[in-house]
Amino acid sequence: MGIRSKLSIQQVLSEIRSMVYGSGDERATALADLKKTEGGDPFKVLIGTILSQRTRDENTTRATESLFSRFSSPEELANANPATVRRLIRPSGFYNMKTRSIIRVSKQLLAEFGGKVPDNMEDLLKLHAVGRKTANCVLVYAYNTPAIPVDTHVHRISNRLGLASTKTPEETEKVLTKTVPRRYWLDLNDLFVRFGQTKCKPIGPRCGSCTLSRSCPYFRNVVSPKTKGS
Ligand code: SF4
């Protein structure tokens, strides 16, 4: 297979979009699902994003469905019995820590923000358990504000494809916000997460059926030499 010259960011996104939407896999990511089912309720997106940390999407969805069937506002969650919350969010893992976080952030929203989730980065970063990725998720999935949430999928795929050469998700966000035209920002996280779950997996990426392999440095430098050597 020959090497193709470097593709533009538009071409890369277009190829990923074709692979994701052409795969026939209709599964939505946990946050896109939450946006759809809960109408992008900022509080639910915020809590869902905290619950999504360090777990798989299906576990996040199970936890949010259980939790929001009982507690669906900052008032309700701030006054909830922690043992009940722990039981409801158990599928998401790290449930002791996450219970403390979501109750604390609910109390903080009531005390400092009139029970409303902020719609800007500066105030979002003042919230307990909220870093740049979570804040960007709230902007994109709740407020439709262009931003690039960089999770492990976005970070890994960007580096594999040579869109970034970075050590941390924060650095990747800085690079992508400079190089990716703003009109693509709203979709990028969902697109990359789906691509990362189905094809460009953390371990054992399915490069053989990836239309980007001829221009992918990771395929060229890491996957292909291994295959030849085996
Ligand atoms: S060729 Fe492999 S490593 Fe590169 S983007 Fe495609 S699946 Fe990922």
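So, the buried residues of helix α9 pack against α2 (30-37), α3 (42-51), α8 (121-124), α11 and α12. Contact here means that two residues have their C-beta atoms, placed from the backbone, within 7 Å. Helices are DSSP runs of H or I with at least four residues, strands are runs of E with at least two, and both are numbered from the N terminus.

Before I go on, a word on what we're looking at. This is a predicted model, so local features need pLDDT of at least 70 and side-chain atom pairs count only at pLDDT 80 or more, while totals for chains, interfaces and linings use all residues. Residues are numbered from 1 along each chain as its sequence is written.

Back to α9, residues 132-142. Why is α9 described as largely enclosed by the rest of the structure? Because ten of its eleven residues are buried. A residue is buried if 20 or more other C-beta atoms lie within 10 Å of its own, exposed if 12 or fewer, and partly exposed in between, again with C-beta atoms placed from the backbone. Among the buried ones are K133, C137 and Y141.

Now find T49, which sits in helix α3. T49 has 26 C-beta neighbours inside 10 Å, so T49 counts as buried. If you leave aside neighbours within four places in sequence, T49 is in contact with L31, T134, C137 and V138. T134, C137 and V138 are also on the list of buried residues in α9.

What about the loops on either side of α9? In the loop between α8 and α9 you'll find A129. Its phi is near 65 degrees, a positive value in a residue other than glycine. A129 is partly exposed, because 18 other C-beta atoms lie within 10 Å. In the loop between α9 and α10 there's N144, with a positive phi near 55 degrees, and N144 isn't glycine either. N144 has 11 other C-beta atoms within 10 Å, so N144 is exposed.

Let's move on to a helix pair. Two packed helices are described by the angle between their axes and the distance between the axes. For α10 (residues 152-160) and α12 (residues 185-198), that's about 80 degrees and 8 Å. The axes are lines fitted to C-alpha atoms, for helices over the stretch in contact, and angles run from 0 to 180 degrees between N-to-C directions. So α10 and α12 are roughly perpendicular to each other; the cut-offs are under 35 degrees for roughly parallel, over 145 for roughly antiparallel, 65 to 115 for roughly perpendicular, and oblique for the rest. On the α10 side the contact is made by H153, V154, R156 and I157, and on the α12 side by N189, F192, V193, F195 and G196.

Zooming out, the domain assignment, which is automatic or from a database, gives domain 1 (9-23 + 148-229) and domain 2 (30-142). Their C-alpha centres lie 27 Å apart. How many residues of domain 1 are in contact with domain 2? Ten, and they touch six residues of domain 2. On the domain 1 side, α11 (169-179) and α12 each supply at least two of the residues.

Last stop, the ligand. There are 13 residues around the ligand, and C200, C207, C210, C216 and F219 come nearest. Being near a molecule or strand means having a C-beta atom, placed from the backbone, within 6 Å of it.
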